[in-house]
Amino acid sequence: MAAAARSAPGTWQTAASRRRSAARRPRQEVKAGGRETELEADTEVVLRRLQEAENDLLISAFWSSALETVSQCLTEQLGQQKPPVRTLLEAFGSLHLDSPLGKSDVAHASSPGETLDPGTCHVKCVCYGIGNFATCITARIQLAFLLLFLDKCQTPRSHCWVYDPLFSPLEIAVLNTLGVTVLSENEEGKRSVCGELTIFYMLHCGTALYNNLLWSNWSVDALSRMVIIGNSFKGLEERLLTRILQKNYPYIAKV
């Protein structure tokens with residue numbers, strides 16, 4: 001089974017660059033300083049749109065219901081840790097969903113029940129395949145949700161690793177400004193939790209990516225330390241022929 005998972009093809013595809021021929025496009029000389037200024041201006045535009053997406057999410061019923069669902073999953077996972085993290089478990093259980101916290105709220109929170117103490121909460125986050133959020137509103141909302149969730153859990157953004165082979169230089173610049181860690185290599189989902197509670201945020205990723213992630217963490221201890229926010233494994237099982245699922249994605253079939 002492990003060999004089958006090892007040979008599972010990665011789902012990442014390098015986007016072919018499209019270039020116009022020199023005959024169709026007049027040659028332009030742009031100074032390096034001009035490019036940097038333009039990139040900074042574009043970065044500010046994307047950051048503003050992200051903030052607007054966050055504001056829209058915060059007043060939506062979806063934010064509260066989704067946060068409650070994920071918090072319940074994390075609470076269950078934290079209860080399985082050895083030794084049990086009682087104070088952290090209580091903190092997750094008493095999150096106030098009716099008043100979501102922004103960055104400024106997290107910095108000045110006075111009640112331990114509203115947010116998680118970063119000194120005791122060692123929750124990491126890995127995000128795969130979020131898409132081109134600079135141009136796609138759906139991807140932008142997904143990134144906005146991730147940022148709000150990190151703030152709500154008081155997980156430092158430096159403890160969040162992000163990767164998508166389609167990221168543009170502008171999007172990488174925005175992510176660096178936001179403080180998350182942009183991975184430089186395609187891991188194909190083969191990342192171990194290394195004994196730490198890890199949230200994998202991977203919406204609508206390829207089936208092979210989920211299978212590789214499970215293969216990399218196929219032990220009781222590792223599986224008890226991970227939460228996947230992504231597509232339904234049950235839905236994948238229903239859509240794929242049983243023989244295809246068992247042959248190409250054995251760990252999704254087993255889980």
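Student: How much space lies in the second largest pocket, and what makes a space a pocket?
Tutor: About 210 Å³. This is a predicted model, where local features need pLDDT of at least 70 and side-chain atom pairs count only at pLDDT 80 or more, while totals for chains, interfaces and linings use all residues. Side-chain values use heavy atoms, without hydrogens and water, and residues are numbered from 1 along each chain as its sequence is written. A pocket is an open set of points on a 1 Å grid over the protein atoms alone, where a 1.4 Å probe fits, with protein on both sides within 12 Å along at least five of seven lines. Its volume is the space filled by probe spheres set on the points, which are joined across faces, edges and corners.

Student: Which residues line the second largest pocket?
Tutor: Leu39, Ser168, Pro169 and Leu170. Lining residues have an atom within 4 Å of a point. The division is three nonpolar, one polar and no charged. Ala, Val, Leu, Ile, Met, Phe, Trp, Tyr, Cys and Pro count as nonpolar, Asp, Glu, Lys and Arg as charged, and the others, Gly among them, as polar.

Student: What lines the largest pocket?
Tutor: The largest pocket has a volume of about 410 Å³. Its lining has 16 residues, and Met226, Val227, Ile228, Ile229 and Phe233 lie nearest the centre. H3 and E5 are the elements that give two or more residues to this lining. Helices (H or I, at least four residues) and strands (E, at least two) are DSSP runs, numbered from the N terminus. The lining holds ten nonpolar residues, five polar and one charged.

Student: What makes a set of residues a nonpolar core, and which residues have the most contacts inside the largest one?
Tutor: The members are buried Ala, Val, Leu, Ile, Met, Phe, Trp, Tyr and Cys residues, joined through side-chain atoms within 4.5 Å. The largest core has 41 residues, and Phe133, Leu143 and Tyr201 have the most contacts inside it. H6 gives the largest share, ten residues. There is also a second, separate core of 22 residues, including Val126, Tyr128, Val193 and Leu213.

Student: What is phenylalanine 133 in contact with?
Tutor: Contact means heavy atoms within 4.5 Å. Beyond its neighbours within four places in sequence, phenylalanine 133 contacts Val46, Ala139, Arg140, Leu143, Phe167, Glu171, Val174 and Leu175. In H7, the buried residues include Glu171, Val174 and Leu175.

Terms used. Buried means under 20% relative accessible area, exposed over 50%, partly exposed in between (1.4 Å probe, protein chains only).
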